[in-house]
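Please read them with the structure open.

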Amino acid sequence: MRRLAGTGKKLTLELGGKAANIVFDDCALDQAVEGIVNGIYFNQGHVCCAGSRLFAQESIYEPLVEKLKHRLETLRVGDPLDKNTDVGAINSRMQLDKIVESSRRARRRAPRSTSRRASCRRRATGSRRPSSRNVAQSYRIAQEEIFGRC
């Protein structure tokens with residue numbers, strides 16, 4: 001951008017990535033859950049507008065997580081060419097390694113919550129690890145596209 005400034009050359013910047021799902025208490029929870037699932041799992045998340053963040057109003061947080069947990073348990077994982085598959089393959093071993101490393105780094109660095117909500121999140125995700133809640137904007141997981149260049 002700096003190199004082209006003032007040269008008269010045209011430039012288009014790709015501004016995708018780190019898209020957020022924002023859920024308020026007046027939503028239809030079932031429709032919100034479908035939107036969240038479609039937003040992150042469309043094309044296995046290999047899109048620059050994948051909904052990789054979720055912000056929910058506190059008053060609906062627990063029911064939203066419970067419904068999301070139930071919906072995620074029903075996703076069909078399989079052949080990406082099968083029209084009945086919800087989530088297909090990651091595109092490469094390098095991409096899978098990047099996803100695993102990003103998740104590991106986020107869990108290690110993010111603040112841990114020991115509240116009742118954390119217990120709910122652990123039940124919802126099936127993970128015994130504390131949830132990464134209130135991730136700081138300075139964290140790499142909050143800044144980088146997981147499906148960007150490896």
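1. Start with Lys67. In this predicted model, Lys67 is partly exposed, at a relative accessible area of 33%. That value is not under 20%, so Lys67 does not count as buried. Nor is the value over 50%, so Lys67 does not count as exposed either.

2. Where does Lys67 sit? Lys67 is found in helix H2. Leaving aside residues up to four places away in sequence, Lys67 touches Leu29, Asp30 and Val33. Lys67 and Ala32 are 35 residues apart in sequence. In space, their C-alpha atoms are 9.7 Å apart.

3. Next, the helix pair. H1 covers residues 29-41, and H2 covers residues 58-73. They pack at an angle of about 55 degrees, and their axes are 10 Å apart. H1 is therefore oblique to H2. The crossing of the two helices is right-handed.

4. Which residues make the contact between H1 and H2? On the H1 side they are Leu29, Asp30, Val33, Glu34, Ile36, Val37 and Tyr41. On the H2 side they are Ile60, Pro63, Leu64, Lys67, Leu68, Arg71 and Leu72. By class, the contact of H1 with H2 has 10 nonpolar and four charged residues. No polar residues take part in it.

5. Now the core. In soluble globular proteins, nonpolar side chains tend to be buried together. Here, the largest nonpolar core has 11 residues. They are Val23, Leu29, Ala32, Val33, Ile36, Val37, Ile60, Leu64, Leu68, Leu75 and Val87. H1 and H2 each supply at least two residues of this core. The largest share, five residues, comes from H1.

6. Val87 deserves a look of its own. Val87 belongs to the largest nonpolar core. Not counting residues up to four places away in sequence, Val87 touches Tyr41, Gln44, Leu75, Arg76, Val77 and Gly78. Among these, Leu75 is also listed in the core, and Tyr41 is part of the H1 contact with H2.

7. Last, the whole chain. It has five helices and two strands. How are they ordered along the sequence? The pattern is β-α-β-α-α-α-α. Buried residues make up 26% of the 150 residues in the chain. Take the contacts between residues at least 6 apart in sequence: 65% of them join residues at least 24 apart.

Notes: Residues numbered from 1 in each chain as written. Predicted model: local features only at pLDDT ≥ 70, side-chain atom pairs only at ≥ 80, totals over all residues. Heavy atoms only, no water. Axes fitted to C-alpha atoms, helices over the stretch in contact; angles between N-to-C directions. Helix = DSSP H or I, 4+ residues; strand = E, 2+ residues; numbered from the N terminus. Parallel < 35°, antiparallel > 145°, perpendicular 65-115°, else oblique. Left-handed = near helix turned anticlockwise from the far one by under 90°. Contact = heavy atoms within 4.5 Å. Nonpolar A, V, L, I, M, F, W, Y, C, P; charged D, E, K, R; others polar. Core = buried A, V, L, I, M, F, W, Y, C linked by side-chain atoms within 4.5 Å. Buried < 20%, exposed > 50% of the residue type's maximum accessible area, 1.4 Å probe, protein only.
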